[in-house]
Amino acid sequence: MMRLLFILAVLALLAWLGWWWLRRRSGGQSGAESVDAHAAEEIYLSGMACRQGVGAEIDFTQARRRLQQAAEMGHPAAQFEYAAMLERGLGGLQNSTEAGQWLERAAESGYPPAALSMARHCLNQPLTDHVLHQAEFWLRAAAEADLVEAQAELGMFYRDHPPAEGDDAPAVNWLTEAAARRNPAAIFALSEIYEHGVGVTRDVNKSDQLLLEAADFGVPQAQLKLGHFYLNGTFGHAFKQDYRAALLWFQRAAAHGLAEAEYEVGQRYENNEGVDGQDMGMAAAAYLRAAALGFAPAQYRVGLLYLYGQHFAQNLSEARRWFVAAADQGHVEADKQAKALQGKVAEQPYLSVEKAPDWKD
């Protein structure tokens, strides 16, 4: 009798474990709910295949239709992707209002990328206390869901908006977490924290190591900063003055479209620093790229090149145009030059510069 009871107890336990395993596998859903979730996943995957051209031609219209269907079935990732298609007008009409609604639904469903997007949307608005609170809420939701980009951005959020005056611990903690997972932006931000001793013991050696890591990872601002360190041989840091190394890092930052870095490349060629000889042609080309990106010192320098006909064909109209662009950003010397040329541009016909400028040998 005891043996029979023991066998029945074991069978009951095995039956309960089987039920528990199936329940856990389906996320605690009923059979019908589990089937619906599986169907939504299949529709979502087929929609993404159409959108990305995986196994078929890219078809935004079909992708949008399928993602909408999966989104309406409650699939968070589909809600997120459908919102993106609505926002960009892919496969149909653009609708920012509806896109925002679907994005919020995805975030509320616990989808970390959607929560991060909600936070970024908040931070692109005027920063009232309410907006900052909402941004913090969504950043924390994404960061606590283990999304490393959100951890980095939450750390930078707390760096700029500490929860209490003098409380730098949250920023340091989140940035350290993201940096440990090799997030480039977090590594750069952490390097500046150690450089200035904000919430940590100041450690310049650690700061320099982190800065070099961030630059190697391709963070443009880290590359620009490293270029300045090598240019000046900043006291107390590990980077001794080295013009060639400075030029290399400025060029790497410029490749990311960083206007100030382009300007610094021009300076090196003009001042014969880290190059095999002064090259005003290379300098002028770099200044022009930086000026086109809106960097006021470069716009002023290009204005001077046109004013004096140095490597560009002399053109007072073009000179004044660049001076005005720089002056509009508060460049004092450019404003003086623009005013001085105001009455002189009529003396020289405007020369078209739609094509590349003429270079002197």
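Is the crossing of helix 7 and helix 8 left-handed or right-handed? In this predicted model, the crossing is left-handed.

**The helix pair**

Two packed helices are described by the angle between their axes and the distance between the axes. Here, helix 7 spans residues 129–144 and helix 8 spans residues 148–160. Their axes come within 8 Å. They cross at roughly 145°.

Which residues of helix 7 meet helix 8? They are Leu132, Ala135, Glu136, Leu139, Arg140, Ala142 and Ala143. On the helix 8 side, the partners are Ala150, Gln151, Glu153, Leu154, Phe157 and Tyr158. Sorted by class, this contact has nine nonpolar residues, one polar residue and three charged residues.

**Buried residues**

The cut-off for buried is under 20%.

| Residue | Relative accessibility | Class |
|---|---|---|
| Cysteine 50 | 8% | buried |
| Cysteine 122 | 8% | buried |
| Glutamate 270 | 16% | buried |

Why does glutamate 270 count as buried? Its relative accessibility is 16%, and buried means under 20%. Cysteine 50 counts as buried because its value is 8%. Cysteine 122 is also buried, at 8%.

How many disulfides does the structure hold? The number is zero.

**Around glutamate 270**

Where is glutamate 270 found? This residue lies in helix 14, which covers residues 259–271. Leave out residues up to four places away in sequence, and glutamate 270 touches Gln278, Met280, Ala283, Tyr287 and Arg301.

Note on methods
Residues are numbered from 1 along each chain as its sequence is written. This is a predicted model: local features need pLDDT of at least 70, side-chain atom pairs count only at pLDDT 80 or more; totals for chains, interfaces and linings use all residues. Side-chain values use heavy atoms; hydrogens and water are left out. Axes are lines fitted to C-alpha atoms, for helices over the stretch in contact, and angles run from 0 to 180 degrees between N-to-C directions. Helices (H or I, at least four residues) and strands (E, at least two) are DSSP runs, numbered from the N terminus. A crossing is left-handed if the near helix is turned anticlockwise from the far one by less than a right angle, and right-handed if clockwise. Contact means heavy atoms within 4.5 Å. Ala, Val, Leu, Ile, Met, Phe, Trp, Tyr, Cys and Pro count as nonpolar, Asp, Glu, Lys and Arg as charged, and the others, Gly among them, as polar. A disulfide is a pair of cysteine sulfur atoms within 2.5 Å. Buried means under 20% relative accessible area, exposed over 50%, partly exposed in between (1.4 Å probe, protein chains only).
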